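Look over the sequence and the model below. The briefing that follows goes through them topic by topic.

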Amino acid sequence: MALSKENLNKLEKMGYRFVGRQGHAAAKICHWTKKSILNEGVCYKQKFYGIDSHRCLQMSPSIPFCHQKCLFCWRDFSATESQWEGKYDEPGEIIEGCIEAQRKLLCGFFGNEKSNPEKLAQSQNPNNAAISLAGEPLLYPVIEDLIDEFHRRSFTTFLVSNGMSPEKLKNLSSEPTQLYISLDAPEKKIFNDLCQPQIPGSWEKLNESLEILPSIDCRTVIRTTCVQKRNMVNPEGYARLIKKAAPNFLEIKAYMFVGYSRQRLEKENMPDFKEVNEFANAIGNLCGMEIVNESPESLVVLLGNK
């Protein structure tokens with residue numbers, strides 16, 4: 001097993017549902033999936049990209065594995081390893097397990113009179129995989145097969161990577177519907193202090209991934225998590241890196257003072273929407289992008305090319 005029984009139990013209490021036999025893949029119901037079923041709002045991904053929040057499967061094939069221990073991460077990474085260890089479950093087994101776990105986690109909504117019956121019925125058959133729950137997806141040894149299997153089942157796929165696997169990114173035989181690369185610092189020192197990379201040459205690997213991004217055929221997005229008093233500086237540095245990556249979109253979003261990040265940061269590190277908007281405009285003006293959409297409730301703005 002990839003995780004100890006103690007760590008598995010801890011994550012289960014937090015809403016994770018592990019699938020397969022090796023204990024490295026899991027699903028967890030997103031806050032916005034619940035909100036959507038209750039007609040109380042939708043995720044910014046629905047507003048920006050047309051993804052139905054009530055049919056989104058939030059999952060990861062690599063919960064215990066990540067190259068970084070970012071201060072702003074809401075996850076508990078006390079058991080996180082920087083390289084894959086042990087056996088792995090096959091993509092079909094993971095997907096079947098995650099869909100079944102999602103159904104079980106949502107079963108209580110059938111007894112909630114506030115639930116939208118049509119959305120609830122549709123939620124039983126998710127059609128978008130947000131491969132971003134925890135860990136680094138590109139560390140899963142057969143990530144291309146997982147993407148292929150999702151697409152074979154008529155899913156769209158949104159994959160979020162930290163950019164620490166440029167060789168795998170360069171040789172990705174199957175691409176997701178949308179690929180995110182996280183860019184959370186304008187220069188090396190801030191990156192090391194904030195993202196706490198666990199492997200050598202991390203800043204260089206991130207830059208290499210950004211250079212590879214223009215060769216990717218699917219829709220590409222740079223995502224920046226803004227942490228007040230930490231990385232909301234040097235918009236010129238961000239703009240230089242973004243120009244190199246030439247993404248289709250840029251998401252500038254606020255750090256949220258939730259989960260285990262509260263043990264590493266302070267509430268004052270969470271910017272408000274006005275601060276995020278101003279920072280996004282500053283970066284956009286320097287790299288030829290402009291705000292094309294926004295979600296104040298999620299503290300995020302979307303920039304596209306002018």
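A cavity is a set of points, on a 1 Å grid over the protein atoms alone, where a 1.4 Å probe fits but cannot get out. Grid points are joined across faces, edges and corners, and a volume is the space filled by probe spheres set on the points. By this rule there is one cavity of 30 Å³ or more.

This is a predicted model, in which local features need pLDDT of at least 70 and side-chain atom pairs count only at pLDDT 80 or more, while totals for chains, interfaces and linings use all residues. Residues are numbered from 1 along each chain as its sequence is written, and side-chain values use heavy atoms, with hydrogens and water left out.

**The cavity**

- The largest cavity holds about 40 Å³ of space.
- Its lining residues (those with an atom within 4 Å of a point) are Gln68, Asn162, Met164, Ser182, Leu183, Asp184, Phe191, Cys195 and Leu206.
- By class, five of the lining residues are nonpolar, three are polar and one is charged. Here Ala, Val, Leu, Ile, Met, Phe, Trp, Tyr, Cys and Pro count as nonpolar, Asp, Glu, Lys and Arg as charged, and the others, Gly among them, as polar.

**The sheet**

- Helices (H or I, at least four residues) and strands (E, at least two) are DSSP runs, numbered from the N terminus. Two strands pair if DSSP finds at least two bridges between them.
- Ten strands form an open sheet with mixed pairing, in the order 1-2-3-4-5-6-7-8-10-9.
- Strand 1 (17-19) and strand 9 (289-295) are at the edges and have a single partner strand each, so one side of each is left without a neighbour in the sheet.
- From one strand to the next, the twist averages 25 degrees. Axes are lines fitted to C-alpha atoms, for helices over the stretch in contact, and angles run from 0 to 180 degrees between N-to-C directions.
- Helix 11 (residues 273-287) packs on the sheet and touches strand 7 (219-226), strand 8 (249-254), strand 9 and strand 10 (300-305). Contact means heavy atoms within 4.5 Å. The direction of helix 11 makes about 155 degrees with that of strand 9.
- Strand 5 (residues 156-161) pairs with strand 6 (residues 178-182) in the parallel sense, over four bridges. Val160 has Tyr180 of strand 6 as its bridge partner.
- Strand 7 and strand 8 also pair in the parallel sense, over six bridges. Lys253 in strand 8 stands opposite Thr225.

**Buried parts**

- Buried means under 20% relative accessible area, exposed over 50%, and partly exposed in between (1.4 Å probe, protein chains only).
- Five of the six residues of strand 8 are buried, so this strand is largely enclosed by the rest of the structure.
- The buried residues of helix 6 (residues 143-152) include Ile143, Glu144, Leu146 and Ile147. Among the elements that cover them are strand 3 (56-60), helix 4 (91-106) and strand 4 (128-131).
- Helix 9 has Ser202, Trp203, Leu206, Asn207, Ser209, Leu210 and Ile212 buried. These pack against helix 7, strand 6, helix 8 (188-195), strand 7 and helix 10.
- In helix 10 (residues 235-245), Pro235, Gly237, Tyr238, Ala239, Leu241, Ile242 and Ala245 are buried. Their cover includes helix 9 (202-212), strand 7, strand 8, helix 11 and strand 9.

**Positive phi values**

- Most residues other than glycine have a negative phi.
- Ser154 is not a glycine, yet has a positive phi of about 65 degrees. Ser154 lies in the loop between helix 6 and strand 5, and its 61% relative accessibility makes it count as exposed.
- Asn234 has a positive phi near 55 degrees. Asn234 is in the loop between strand 7 and helix 10 and is partly exposed, at 28% relative accessible area.
- Ala246, which follows helix 10, has a positive phi near 45 degrees.

- Glu12 belongs to helix 1 (residues 5-13) and is partly exposed at 27% relative accessibility. Leaving out residues up to four places away in sequence, Glu12 touches Arg17 and Phe18.
- Leu105 lies in helix 4 and is partly exposed, with a relative accessible area of 25%. Leu105 and Lys28 are 77 residues apart in sequence and 8.2 Å apart in space, C-alpha to C-alpha.

Terms used
1 Å grid on protein atoms, 1.4 Å probe; cavity = no way out; pocket = protein on both sides within 12 Å on 5 of 7 lines; lining within 4 Å.
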